[in-house]
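Here are a few friendly notes on charged side-chain pairs, to read with the model open beside you.

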Amino acid sequence: MDSSEHGSSMTSPGVAIGGTLPPGLTEEEAEELQVELTKVDDEIQTLRQVLVAKERHAAELKRRLGISPLSEIKQNITKGWHDVQCSNAYMRTSQTLGDLNRRVASSNLYLTASATLEDIGRSDAYKRTQETLSQAGQMTSAAFSTMGSAIRNRFGEMRNSPSFKSFEDKVDNMKYKVMGRSNGESDHSPTSNNAPF
């Protein structure tokens, strides 16, 4: 090949737009690389097909063994958590946090705060506040219950009203019209002995 062919356009993916070869690459080298790329792409496709077949086979074996996807996920999570707990980083962190917890629990500040919280829990002000909040919660609950009953009663009254009955009849009538047409029937109500509306 001469230099005039060097700039000729090729249809290979490795050739730059405009049909020129990358600098330092002859057309023969480009063709060899293209053949090798095609072989590698074919091998990749074959491996993908084999992998899909193997995954299907594994899924069938798991199904026959009674291993569900959920149990497999649980098993993977359990194994992963076990691996984390056995790791050096987890063990060092756990030990460090344990030491820190022991130091905090034995410190004067912690003991003082703990005693203060116990004192607060036994105080009259705390007990009165707790009782007031409990009463407020009970009153709120009773108010919602009363409101729910009132709404339910009002809906019951509305359902028995003439305007609601009229609306309900119109909806039933429309239902029969639509269902009749969808079943290939004419515009006749099933309750009207096939008389037209």
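**Notes on the salt bridges**

1. Let's start with glutamate 60, which is partly exposed at 34% relative accessibility; that label covers the range between buried (under 20% relative accessible area) and exposed (over 50%), with a 1.4 Å probe and protein chains only. Its partner is arginine 63, the closest N and O atoms of this salt bridge being 2.5 Å apart. Here a salt bridge means a side-chain nitrogen of Lys or Arg within 4 Å of a carboxyl oxygen of Asp or Glu. Arginine 63 is exposed, at 55%.

2. Before going on, please note that this is a predicted model, where local features need pLDDT of at least 70 and side-chain atom pairs count only at pLDDT 80 or more, while totals for chains, interfaces and linings use all residues. Residues are numbered from 1 along each chain as its sequence is written, and side-chain values use heavy atoms, leaving out hydrogens and water.

3. Both glutamate 60 and arginine 63 sit in helix H2 (residues 27–65), three residues apart, about one turn of the helix. Helices are DSSP runs (H or I, at least four residues), numbered from the N terminus.

4. In helix H4 (residues 88–105), aspartate 99 and arginine 102 are likewise three residues apart. Their side chains meet in a salt bridge at 2.4 Å, N to O. Aspartate 99 is partly exposed at 27%, and arginine 102 is exposed at 53%.

5. Helix H5 (residues 108–122) holds aspartate 119 and arginine 122, about one helical turn apart. Their salt bridge spans 2.8 Å, N to O.

6. Over the whole structure, the search finds five salt bridges.

How values were computed. Helices (H or I, at least four residues) and strands (E, at least two) are DSSP runs, numbered from the N terminus.
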